Amino acid sequence: MGLYLDPKYLMTNTATFEKLGIEADLVSTLTTQGIESPFPIQLLTIPDALDGKDVCGKAKTGSGKTLAFGLPIVQQLEQAEPKKPLALVLVPTRELAQQVTTVLEDLAAVRDFKTIAVDGGSPMGVQTKALRRGVEIVIATPGRLIDLMERKEISLTDVRIVAIDEADQMADMGFLPQVRRIMSEVSADHQTLLFSATLDGQVGSLVSAYMDMPVRHDAEHGEETVDMMEHRFLKVHHMDKVKMAAAIAASASRTLLFTRTKAECDRVAGKLQDIGVEARAIHGDLH
């Protein structure tokens, strides 16, 4: 069965993290970060996740999914043994692994839990040392995690909670065979939290194979964002691109500019700052 509630209603509701069942020390950490009101996907899924149910959450990128699975994970953990994490978060990209780790590490630290991002863009030696010391939460891309499994540097037998984030991207990028390989090593007695922009097709096969009577929640808006967007293509000389970006930024209160590489992101942000635009770079190498 599924549940859809209008996000506008949810955001005007009086629900708080405390009312959802999140404990005081974690709520205090959220407050210090300026996070006081739950997003719709968090309102819908956190109570069921805390109740130990398998949960499917349908929500888009940027909807608050990380805290939707991260808060229940941290609240239900205990101390882990070396090489045997208790929680696993699977993500499709290195950038997302770093982002999720950044969100969860402060919450985990409140309870003296450790987190680590396990991805192909970071040195394996650093990851193996951390795992040997003991890590409660592993946030991993499938390929690097399997490498560590084959080297006997990590065991998934103690994992109690698995979160699969951006499952639709995982399917689009061809990672489902690797996800199945990983899930085959996880104990049958575990909870699965799956979040995706869509729950049908190949994602539906994951739900059928690895989730036990999951509760489904849909926090998507009733109307597609494409209906509120206008697409334009501007052809300019490469030396004029920064000036054009600045002109576009001046026409709106907030502007999001994408670049091909992290180095280009830093360069463009610097160029915009040089001509008086308040710009900041956002990418996976920033701390």
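The side chains of Glu185 and Arg181 meet in a salt bridge, with a nitrogen-to-oxygen separation of 3.2 Å; a salt bridge is defined here as a side-chain nitrogen of Lys or Arg within 4 Å of a carboxyl oxygen of Asp or Glu. Both partners are partly exposed: Glu185 has a relative accessible area of 38%, and Arg181 one of 32%. In this classification, buried residues have under 20% relative accessible area, exposed residues over 50%, and partly exposed residues fall in between, as computed with a 1.4 Å probe on protein chains only. Salt bridges that share partners also join Glu23, Asp25 and Arg111 into one network. By the rule stated above, the count comes to 12 salt bridges.

The structure is a predicted model, in which local features need pLDDT of at least 70 and side-chain atom pairs count only at pLDDT 80 or more, while totals for chains, interfaces and linings use all residues. Residues are numbered from 1 along each chain as its sequence is written, and side-chain values use heavy atoms, with hydrogens and water left out.

Side chains of opposite charge can pair when their charged atoms come close. Helices (H or I, at least four residues) and strands (E, at least two) are DSSP runs, numbered from the N terminus. Lys65 and Asp165 are both buried. A further salt bridge is formed by Glu78 and Arg160, the closest N and O atoms being 3.5 Å apart. Glu78 is located in the loop between α5 and β3 (87-90) and Arg160 in the loop between α8 and β6, so this pair ties together parts that are 82 residues apart in sequence. Glu78 is partly exposed, at a relative accessible area of 47%, and Arg160 is likewise partly exposed, at 36%.

Positive phi values occur at two residues described here. Lys152, although not a glycine, has a positive phi of about 65 degrees; its place is in the loop between α8 (142-150) and β6 (161-164). With a relative accessible area of 64%, Lys152 is exposed. Glu166 is not a glycine either, and has a positive phi of about 55 degrees. Glu166 lies in the loop between β6 and α9 (167-172) and is buried, with a relative accessible area of 5%.

Helix packing was examined for α10 and α11. Helix α10 (residues 176-183) and helix α11 (residues 201-210) pack at an angle of about 10 degrees, with their axes 12 Å apart. The two helices are therefore roughly parallel, a term for angles under 35 degrees, whereas those over 145 count as roughly antiparallel, 65 to 115 as roughly perpendicular and the rest as oblique. Axes are lines fitted to C-alpha atoms, for helices over the stretch in contact, and angles run from 0 to 180 degrees between N-to-C directions. Leu176, Val179, Arg180 and Met183 in α10 meet Gln202, Ser205, Leu206 and Tyr210 in α11, contact meaning heavy atoms within 4.5 Å. The residues of this contact comprise 5 nonpolar, 2 polar and 1 charged. Ala, Val, Leu, Ile, Met, Phe, Trp, Tyr, Cys and Pro count as nonpolar, Asp, Glu, Lys and Arg as charged, and the others, Gly among them, as polar.
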